[in-house]
Amino acid sequence: MSEFSGLVGLLWAKTWRRGWGREVPPGATWHSLIAHVWDSGHAGGWLWDHLLAQRVRGLLAADLDGREAPARARLSWLAAEHDLGKATPPFAGLDVQRRAELVAAGLAVDLSVKGVLPHGWLSGRLIFQVLCDEGWDGEAAEFVALTLAGHHGVFPGVGWLDEGIKPKRRGTGAWKRMQAAVHEAAVLGSGAAPHLGAWDKSVPSVPAQLVQAGAVTLADWLASNEDLFPYEGRLPEGYLETSASRVGRAGEVMGVWAVWTPDPDGARMGAQGLYGSRFGINKPRAVQEAVYDLACSVGGPGLMVIEAPMGEGKTEAALAAAEVLAARLGANGVFFGLPTQATANQIFGRVLKWLKRQGADTTVALAHGKAVRQEDYRALLHGTVGVDECGAGAVASKWIQGRYRSLLAPVVVATVDQLLLAGLASRYVSVRMLGLAGKVVVLDEVHAYDAYMSGLLQGVLAWLGACGVPVVLLSATLPAQQRAQLVQAYAGRQVEVEDSAAYPRLTWVDAPDLAGEGAVPQALSAEADRGLAVTVEMLPEPDVTTVVNRAKELLAGGGCLLVIRNTVARAQELAGQLREALGEDAVTLMHARFTVADRRRLETGLVTEFGPEGTRPMPHVVVATQVAEQSLDVSFDALITDLCPIDLLFQRIGRMHRHPASDRPQLLSHARVVVTGYQSALDTPPEMPGGSRTVYGDHLLWRTAAVLLDRTVLELPAAIPDLVDRVYGTGRLGPDSWQERLAVAAQEDEEKRALMKDQANQVALRNPREVESLADLHRDAPLSGDDDENTPQVQALVRLGKPSLEVILLQAGASEDTAVPVSQGADALVPLDRLPDAEGVEVVLDQAIRLPSWSEKLTAAAQEASFTPEAWKASAWLGSARVLLLPADGRPLRLGGRRLTYCPKEGLMVD
């Protein structure tokens, strides 16, 4: 096309530069702007055709009366226009060779303009002026301008269009003609010409704008991929057709050969048919049937809250609901969020089996800091799938592992952090929202979030509801106030949530329509398939021997006992005492302060011994911290636990009598929980150790103690909702003599929660109901720069707290060039003067451990003492690893006024 081969053909979009860490391209070293315009437009069209779910396409077409053809053309056009700002002197002059060619052709390239205006924002300014000159409505023109301006992840703020563009920056004369030519090329390449006249007053909803902006960014990433669109130099003849043919390989480049396609027959095969087909469950539990029936009956997207006791099959119910909802509502993906890496790893394997039973061919991702070390996921990453190999089953993508991309895989299992990042006012939040918009979102253990994380979650739910994303929340139980907050956040309005004692219970609320309205929430009850009468014993603990003696009594006839302490230090101390009393082999210690290798060994051993098919060594005591609440499918005969909030107490009780056992001793034939970890006080609430108070606060601990005072038996699950609501409610609890202290604790707790919620609001996206345009998104945002989602600083904004330091813990070797692993069974020396071989890299990564964050002095000292060996810095695996060396002679390492030692039985000890 000769009209694009003159001066405008000299404009460049992409170029190779020495020092950027990329190999010299085999052909040309630059790519013309017109070629990139067409590449981007074709990428946008490909995304519409192959990646966007039907529900997302409907969201983007809603302002166009649901007509998909013009909506597709608009996305393609927006993607094609995104780099209009590169047709300006400041950008064109950045490349010396291209600048010389432009000057030689008689074009003025003035680089004297001062100040920095990102080319994306300049694209927005230019297109706004172009569209206004063509008679567009100002609001419609600004929507287009903001979409272009934010394609590098950050949108300009309110009032960004008020200041004019300096002529030197925009360019005059021939520059304006070239900008018009680039605009013409975008219209031509995207097929937008027949539709432009119908778009001049059309403005999508802000949620749709955000999702569409994410698609434009993704189209740019694809168009910038040199494997997909090799550099061509000057625009070749016939390149529009060449670009259209090349975009067909986009799925191969992304590693997404096919999206997830839910079985449309899932809603017709009945609960027994679906659960049998997907999970081998021939007789679904009542809760599972109720979830299936609800998913089959709803008329549109909404929020489903499933509250049921442990062991009722909530995970299978959630996956069944996801499949039915996706098929009925036009979704093509699933996000499953878990509270910890350990739980995410376990669910990932179950999700793979679920996909296999469907015969699904799609891309899956495990998203957390150590995902590539999970065996199933690593096997998928190292597998290879050819471009034509449909029917390969689940695959993983290395491209998806890149920054900001993890949510783009059709099926994602992740820690909840990945979802909460989509609610931060951070860079590329549009891409994260795009990744979620076409999925059914499932979140487990939502009761475990503190006020800060709950505040972030409510913000994310508001956006998911506004985007019409179906969401399923799982919990053993929720306080009435928390349930109402979650439902109202998603619904985008104040709604009355029925507060009944029904349990197990399901709650459903519709997503808001365009007017922000919706039906009244539904509350349904189901029956639990199993009940458990638990004897409750309150045991004050004046010293550690109290628990040791009670453990010996409980195990007099054999059996398997779980003891849960609220802090690592308390668990380590008690484990030592129990070993002296019962013998070394009769006690296992489990907490979060072991190396990766030792934690994996311990988890595997616990499941082998106390899992569904466990060997059940007797007598045996497992002493654990909160890691036993969620991450392991284990079962014990009795439980001793530190006093904790009532909902977490029920979680801990759920690890008892979970599986049938024919060899359970007569003394422990009935479930028994001993609540300890406190000291009785005269006429005042109990006194707790400082660690328990730091973790949970006085308020919930004292109210839990109050509801347990007169309890000798807990009838589960019937007792769960009543006690949870009483503890988390505001009604009077406990003796008269406690009331003054309880009132003070309640006030302190309320103030702390209010502060945490305020802190969440400071980093979160504004509520979609309060956002008039994308210019409101990043206003006063602390994370609108080039922030890496994996840094401790960003992670600390998802889980409020002091940043913690992860180190590779080694013991100094005989020479300065070697070190010794600290984990059990790891004997090979680790070289510090060279990069270890592949097997050695695995050994090194297995020594990773996270130091406690409660001492800033310790963290700072460890940061200073740890180091990355020079020979490791170029390694993709070890380049950011920090080695902390323990003394070679076994003495404690002194850091920050503390003494650190490590052994495979006790873990990291900090004195």
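User: To how many aromatic pairs does the count come?
Analyst: This is a predicted model, in which local features need pLDDT of at least 70 and side-chain atom pairs count only at pLDDT 80 or more, while totals for chains, interfaces and linings use all residues. Residues are numbered from 1 along each chain as its sequence is written, and side-chain values use heavy atoms, with hydrogens and water left out. Rings of Phe, Tyr and Trp (its six-membered ring) pair if their centres lie within 6.5 Å; planes under 30 degrees apart count as stacked, over 60 as edge-to-face and the rest as tilted. By this rule the number of aromatic pairs is 9.

User: What kind of aromatic pair do W77 and W199 form?
Analyst: The two ring centres of W77 and W199 are 5.5 Å apart. The pair links distant parts of the chain, with W77 in helix α3 (residues 68–81) and W199 in helix α10 (residues 196–199), 122 residues apart; helices are DSSP runs of H or I with at least four residues, strands are runs of E with at least two, and both are numbered from the N terminus. With 35 degrees between the planes, the pair of W77 and W199 is classed as tilted.

User: How are the rings of F348 and Y377 arranged?
Analyst: F348 is buried at a relative accessible area of 1%, and Y377 is buried at 2%; buried means under 20% relative accessible area, exposed over 50% and partly exposed in between (1.4 Å probe, protein chains only). The ring centres of F348 and Y377 lie 5.6 Å apart and their planes meet at 80 degrees, so the arrangement is edge-to-face.

User: At what distance from the ring centre of W399 does R405 lie?
Analyst: A charge sits over a ring if NZ of Lys or CZ of Arg is within 6 Å of the ring centre and within 35 degrees of the ring normal. R405 lies over the face of W221 at 5.7 Å from the ring centre. R405 also lies over the face of W399, where the distance to the ring centre is 4.1 Å.

User: How far apart are the closest N and O atoms of R616 and D663?
Analyst: A salt bridge is a side-chain nitrogen of Lys or Arg within 4 Å of a carboxyl oxygen of Asp or Glu, and the whole structure contains 44 of them. R616 is buried at 11% relative accessibility, whereas D663 is partly exposed at 34%. R616 and D663 form a salt bridge in which the closest N and O atoms are separated by 2.8 Å.

User: How many residues apart in sequence are the parts that R616 and D663 tie together?
Analyst: R616 lies in the loop between α25 (596–610) and β14 (620–624). D663 lies in the loop between α27 (646–653) and β16 (672–676), so the parts tied together are separated in sequence by 47 residues.
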